[in-house]
Amino acid sequence: MGEFYFIRDILLPPLLEGTIVTLKLIVLSIPPGLIIGILMAVGRVYGNKLISSLCTGYVAFFRGTPLLVQLFILYYGLPSLGIFFSPLTAAVIGFTLCSGAYHSEYIRGAIQSIKSGQMMAAESLGMSRFKAILYIILPQALRRAIPGCSNEIIYLVKYSSLAFMVTCIELTGAGKIIASRYFKYTEVFLVIGIIYLLMVSVVTKLLNSLEKKVRIPGLEVGK
Amino acid sequence: MLEDLAMLYQALPYLLKGSIVTIELVAGALALGLVVGIPMAAGQVYGSKPVSKIISFYVWFFRGLPVLVLLFLFYFGLFPLLNLDLSAFAAAVLVLGLRSTAYQSQIFRGSIQSLGSGQMLAARSIGMSRFKAICHIILPQALRISIPGWSNEYSIILKDSAITYALGVMEILTRGNFIATRTYKPMPVFLTCAVIFLILTYGGVKLLDLLEKKVRTPGYGGRR
């Protein structure tokens, strides 16, 4: 019975506060991450040599180094150059830059899977390249990129726990504090695990229904 | 700038020792994942219903939780509860390995299922047992197809190994953090850590690409 009261009265209130911070981290990181992903993907496929190699370098750096190292650079490294971020801001910037790099890979693959005839047809109708990308290529490519980008967003939900390493007290951090104070690691982290599993399941469901919703009948890939 | 370089020159051997720890961590976790992941994949595809249910649950659990939560749960919670007195390094290898098992089993399952059921049927029809067919017909083909996915898994585990910093495992980032606090020069130190990780990531991926080319069966799987 003591366990029940411990979980209900002592553990859950701070965990809920932590969950709100976690959700904030996720929600704030997704849209700018997607925008970076789209820009990088378009830059790599359609940019001139300079732009495309810059984008490739960006993606290589952020996919080749651990997110935690990136967060350390942002939070502990940049202050020595006079740039200060709050823990939450540093975490959001880190998640955005990193997930942008991963998104760009999925979106690039999707863009390249659109047949080149689409671009030629758009240009032959008198569209500029920019217009063709915006109105012809991207609406098709982004739909195809949804499964990959969904994966990345689910990763983001889980990796949001790394914000704790730069002292942002989110779900894992809030739990760690309680666990060390009461020395109940198993109980606390099992409850946290359940919350993460719930979040991951809900996000998966939402993204699946988004994919169904925006599907164009007759244009699915391989179905 | 010059003193930064002098500091890095002094710190580099210490950091590189950390990269050996990182490599040991990654190798241990990948090996554990490989050894357990292959039978798990076979079990999920060919096993009875309860077996494949249990495996699916295992995979769902380890793929649904953040590494950091798993590390805390096992190192501070479950291992002491089971009276296992493990060092941080051993606990980290075990947790990363158990998690990698879940991911690797799905990589192998995908390749096994991509083979087409005709292979199994043909093997059975020439009198092989199910077990023999899996060992001699299915796996040699499936493992070859799995290499690209496996190289992905390598780079994920490598990057996740940095999170064992939270348990105080003496890998690259933990050592980098010590140096950064000691010298008060976080920027050059963490950038150096990033470069070491970059080299390890792309070096490993290159090696696995070579392996894939080397073991490829000519005329087979030539989609790429």
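**Figure 1. Contacts between chain B and chain A in the predicted model.** In this predicted model, 29 residues of chain B are in contact with 31 residues of chain A, two residues being in contact if their C-beta atoms, placed from the backbone, lie within 7 Å. On chain B, α3 (67-81), α7 (172-183) and α8 (186-215) each supply at least two residues of the side that touches chain A; helices are DSSP runs (H or I, at least four residues), numbered from the N terminus. The most is given by α8(B), with ten residues. By class, this side of chain B has 24 nonpolar, three polar and two charged residues, where Ala, Val, Leu, Ile, Met, Phe, Trp, Tyr, Cys and Pro count as nonpolar, Asp, Glu, Lys and Arg as charged, and the others, Gly among them, as polar. Residues are numbered from 1 along each chain as its sequence is written, and chains are lettered from A, and ligands numbered from 1, in the order in which they are written. Local features need pLDDT of at least 70 and side-chain atom pairs count only at pLDDT 80 or more, whereas totals for chains, interfaces and linings use all residues.

**Figure 2. Packing of α2 against α4 in chain A.** Helices α2 (residues 49-64) and α4 (residues 87-113) of chain A pack at an angle of about 115 degrees, their axes lying 9 Å apart. Axes are lines fitted to C-alpha atoms, for helices over the stretch in contact, and angles run from 0 to 180 degrees between N-to-C directions. Tyr58(A), Val59(A), Phe62(A) and Arg63(A) of α2(A) meet α4(A) residues that include Leu97(A), Ala101(A) and Glu105(A).

**Figure 3. Packing of α1 against α8 in chain A.** Helix α1 (residues 2-46) and helix α8 (residues 185-213) of chain A pack at about 50 degrees, with axes 11 Å apart. The angle makes α1(A) oblique to α8(A), as angles under 35 degrees count as roughly parallel, over 145 as roughly antiparallel, 65 to 115 as roughly perpendicular and the rest as oblique. Among the contributors are Ile7(A) and Leu11(A) of α1(A) and Val191(A) and Ile195(A) of α8(A).

**Figure 4. Buried residues of α2 in chain A.** Cys55(A), Val59(A), Phe62(A) and Gly64(A) of α2(A) are buried, that is, 20 or more other C-beta atoms, placed from the backbone, lie within 10 Å of their own. Their cover includes α1, α3 (67-77) and α4 of chain A together with α8 of chain B.

Definitions and conventions: A residue is buried if 20 or more other C-beta atoms lie within 10 Å of its own, exposed if 12 or fewer, and partly exposed in between; C-beta atoms are placed from the backbone.
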